[in-house]
Amino acid sequence: MKKLLIKNMVCDRCKTLLQQEFEKAGITMVSIELGEIVYKEHKDINIDDIEGILKSNGFELVKDTTEMIIENIKIELIKSINTSEKDLSQNMSMYLSKKLNKEYSILSKTFSKAKGMTIEKYYIDLKIEKAKELIQMNELNFSEIAYTLNYKSSSHLASQFKSVTGMSMGEYKKLQQWDRKPLDKIM
């Protein structure tokens, strides 16, 4: 069995697409998670074939340690937002350290140096994009959106939303011409 870390694989649609592509190529998948594929090695399958499948579908194989750390940080934060992870509401640094089994200072320095932004700023950007999605869905009020995204108050979310987007959540809702980025395109 071989484990691969995949860049930009951040949603269930990505998983489904790659699962179908691997099956078409005759590659037996053992498991597939956000950002990670485990497959059965076979003499007729080489890494170039796999990289070709990934590239043709907008993904990349993560090869170096720094990239691996950054992708793992992104994956954990995106997963936490999509599942409203309550462990993260208390302390993101402890959450990431525990999930990735590394000191937060190492994670933070690696991320900031490679991406030119802090993990905290990246996480805020993710939460604002998720808030935009939830506003568009029109199923939750602003307080419920704040709670879903682990904000202590709706005013804290409102403040960050305005700071990042330049408009209030109410103004954004009225726009009806929503400008959203996919979570894998933030940064």
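Which residues are buried in helix H5 (residues 92-100)?

**Figure 1. The whole protein, seen as a predicted model.** We're looking at 10 helices and 4 strands. Starting at the N terminus, the order of elements is β-α-β-β-α-β-α-α-α-α-α-α-α-α. Along the principal axes, the C-alpha atoms fill a box of roughly 55 × 40 × 25 Å. Of the 187 residues, 41% count as buried. The exposed surface comes to about 10600 Å², with carbon and sulfur atoms supplying 48% of it. As for contacts with a separation of 6 or more, 60% of them are between residues 24 or more positions apart.

**Figure 2. Helix H5 and its buried residues.** Here's the reply to the opening question: Met92, Tyr95, Leu96, Ser97 and Leu100 are the ones buried in H5. A bit of helix geometry is handy for this view: an α-helix has 3.6 residues a turn, so residues three or four places apart point the same way. Just past the end of H5 sits Asn101, and its phi is positive, at about 55°.

**Figure 3. A closer look at Ser97 in helix H5.** Ser97 has a relative accessible area of 19%, and the cut-off for buried is under 20%, so Ser97 counts as buried. Its side chain reaches the backbone nitrogen of Tyr104, at 3.1 Å. Skip the neighbours within four places in sequence, and Ser97 is in contact with Lys102, Glu103, Tyr104 and Leu107.

**Figure 4. Asn91, in the loop between helix H4 (87-90) and H5.** Is Asn91 buried or partly exposed? It's partly exposed, with a relative accessible area of 28%. The side chain of Asn91 makes a polar contact of 2.5 Å with the side chain of Ser93. A polar atom of the Asn91 side chain also lies 3.2 Å from the backbone nitrogen of Met94.

**Figure 5. Where helix H7 (residues 119-137) meets helix H9 (residues 154-165).** The two axes come within 10 Å and cross at roughly 100°, so H7 and H9 are roughly perpendicular to each other. On the H7 side, the contact is made by Lys121, Ile124, Asp125, Ile128, Ala131, Lys132 and Ile135. H9 brings Leu157, Gln160, Phe161, Val164 and Thr165. Sort the contact of H7 with H9 by class and you get 7 nonpolar, 2 polar and 3 charged residues.

Notes
Residues are numbered from 1 along each chain as its sequence is written. This is a predicted model: local features need pLDDT of at least 70, side-chain atom pairs count only at pLDDT 80 or more; totals for chains, interfaces and linings use all residues. Side-chain values use heavy atoms; hydrogens and water are left out. Axes are lines fitted to C-alpha atoms, for helices over the stretch in contact, and angles run from 0 to 180 degrees between N-to-C directions. Helices (H or I, at least four residues) and strands (E, at least two) are DSSP runs, numbered from the N terminus. Angles under 35 degrees count as roughly parallel, over 145 as roughly antiparallel, 65 to 115 as roughly perpendicular and the rest as oblique. Contact means heavy atoms within 4.5 Å. Ala, Val, Leu, Ile, Met, Phe, Trp, Tyr, Cys and Pro count as nonpolar, Asp, Glu, Lys and Arg as charged, and the others, Gly among them, as polar. Buried means under 20% relative accessible area, exposed over 50%, partly exposed in between (1.4 Å probe, protein chains only). A polar contact is a pair of N or O atoms within 3.5 Å; within protein, one must be able to donate a hydrogen and the other to accept it, and residues adjacent in sequence count only if both atoms are side-chain atoms. Accessible areas come from the Shrake-Rupley method with a 1.4 Å probe; for residues, only the protein chains shown count as cover.
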